[in-house]
Amino acid sequence: MKRIVTLQDISCVGRCSITVALPVISAMGVECGILPTAVLSTHTMFHTFTCKDLSDQIAPIADAWEREEITFDAIYTGYLASAEQSAQVCDFFDRFTTPGNLVLVDPAMADNGLLYPAFDSGFPAEMAKVCAKADVIMPNITEACLLTGMPYKTSYDEAYIRELLEKLLALGCKTAVLTGVSFEEGKLGVVYLDQGGSSFSYFTRHCPQSYHGTGDLYSSTVLGGLMRGLSLGSALSLAADFVVTCIEATSTAENARWYAVEFESQIPKLCAMLEEHIRAENRALNSVGDTVFTK
Ligand code: PXL
């Protein structure tokens, strides 16, 4: 079984970060180690919240893992507690990246044109250093603009998205995935471009409701899919369909959006969808006589 480690916060209530990554990645048949960057009472979209920065735990935990010769098939980062923590995360990459493992960075810091409340305007430059070391980064459009200095737009064309992707690649990552892209009313999706010039896009129905934590659910599902051997395109489409399934299963009650999406009841569906993607990829590989590509 593959083993990954995720570096992000524990928001005790509110279904985001580790409380999403751990159950989702585990359910997908991948061992999920955690390195909490902070403990919060809830995510920071609640009116008040507590936050205990765990920066001083990162180096000693990494030291202990090195002594035990613990290795990871992927390192997956999300919400960081502070700008200063980015240097520690980069150091963690230097110590635990191997030629065969995957570094996936979700630069969780902003949405709908705004930085999250706990960050100041200097934060994106620090997050850009973390992105530079990644194999795959997965920002939304707001995050991509903050990382690249491009203007944030809610109405745009394919050339704008292409330029964003190219500027993201210029940060140094191998593949840039842009989430929350819409070229057509009623459709929302994901687009990627890699350093070799390959690109991909996938669109689903645009759900009118907006929930916190869907970005974390999306990235965690993508990582789980990649670790089960799916290609990036297949993992991105599986995750997009799963997030829509979860949104559809979530209560439309007025305050439900604070508590993010009800993914728990949809875990059996996720497992079935994952197996279907694995079968479809195996069929495609067999039909062209190709070999399975793991990174
Ligand atoms: O879902 C991203 C996220 C993760 N962690 C914390 C957050 C948020 C978004 O607001 O506040 C603490």
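**Notebook: cysteines, cores and salt bridges**

I searched the whole structure for disulfides and found zero. I note here that this is a predicted model.

**Cysteines**

A disulfide would need the two sulfur atoms within 2.5 Å. I then looked up Cys 90, which is in no disulfide either. Its nearest cysteine sulfur, that of Cys 131, is 9.3 Å away.

Cys 90 has a relative accessible area of 9% and is buried.

**Nonpolar cores**

Next I looked at the nonpolar residues. In soluble globular proteins, nonpolar side chains tend to be buried together. In this model the largest nonpolar core has 48 residues. I checked which of them touch the most other members, and they are Phe 92, Ile 141, Ile 161 and Leu 178. Helix 6, residues 158-170, gives the most to this core, with six residues.

Leaving out residues up to four places away in sequence, Phe 92 touches Val 5, Leu 7, Leu 35, Ala 62, Trp 65, Phe 72 and Ile 75. I also found a second, separate core of 45 residues, which includes Ala 21, Tyr 76, Val 136 and Val 190.

**Salt bridges**

I counted the salt bridges and the structure holds 14. One of them joins Glu 31 and Arg 3, with the closest N and O atoms 3.3 Å apart. I located Glu 31 in strand 2 (residues 31-42) and Arg 3 in strand 1 (residues 3-13), so the pair links distant parts of the chain, 28 residues apart. Both ends are partly exposed: Glu 31 has a relative accessible area of 38% and Arg 3 has 28%.

I then looked up Asp 63, which forms a salt bridge with Arg 95 at 2.6 Å between the closest N and O atoms. Asp 63 lies in helix 2 (residues 55-67) and Arg 95 in helix 3 (residues 85-96), so this pair ties together parts that are 32 residues apart in sequence. Asp 63 is partly exposed at 32% relative accessibility, and Arg 95 is partly exposed at 24%.

Arg 95 also forms a salt bridge with Asp 91, and there the closest N and O atoms are 3.9 Å apart. Asp 91 and Arg 95 both lie in helix 3, four residues apart, about one turn of the helix. Asp 91 is partly exposed, with a relative accessible area of 38%.

Which residues do shared partners join into one network? I found Asp 63, Glu 66, Asp 91 and Arg 95.

Key. Residues are numbered from 1 along each chain as its sequence is written. This is a predicted model: local features need pLDDT of at least 70, side-chain atom pairs count only at pLDDT 80 or more; totals for chains, interfaces and linings use all residues. Side-chain values use heavy atoms; hydrogens and water are left out. Buried means under 20% relative accessible area, exposed over 50%, partly exposed in between (1.4 Å probe, protein chains only). A nonpolar core is a set of buried Ala, Val, Leu, Ile, Met, Phe, Trp, Tyr and Cys residues joined through side-chain atoms within 4.5 Å. Helices (H or I, at least four residues) and strands (E, at least two) are DSSP runs, numbered from the N terminus. Contact means heavy atoms within 4.5 Å. A salt bridge is a side-chain nitrogen of Lys or Arg within 4 Å of a carboxyl oxygen of Asp or Glu.
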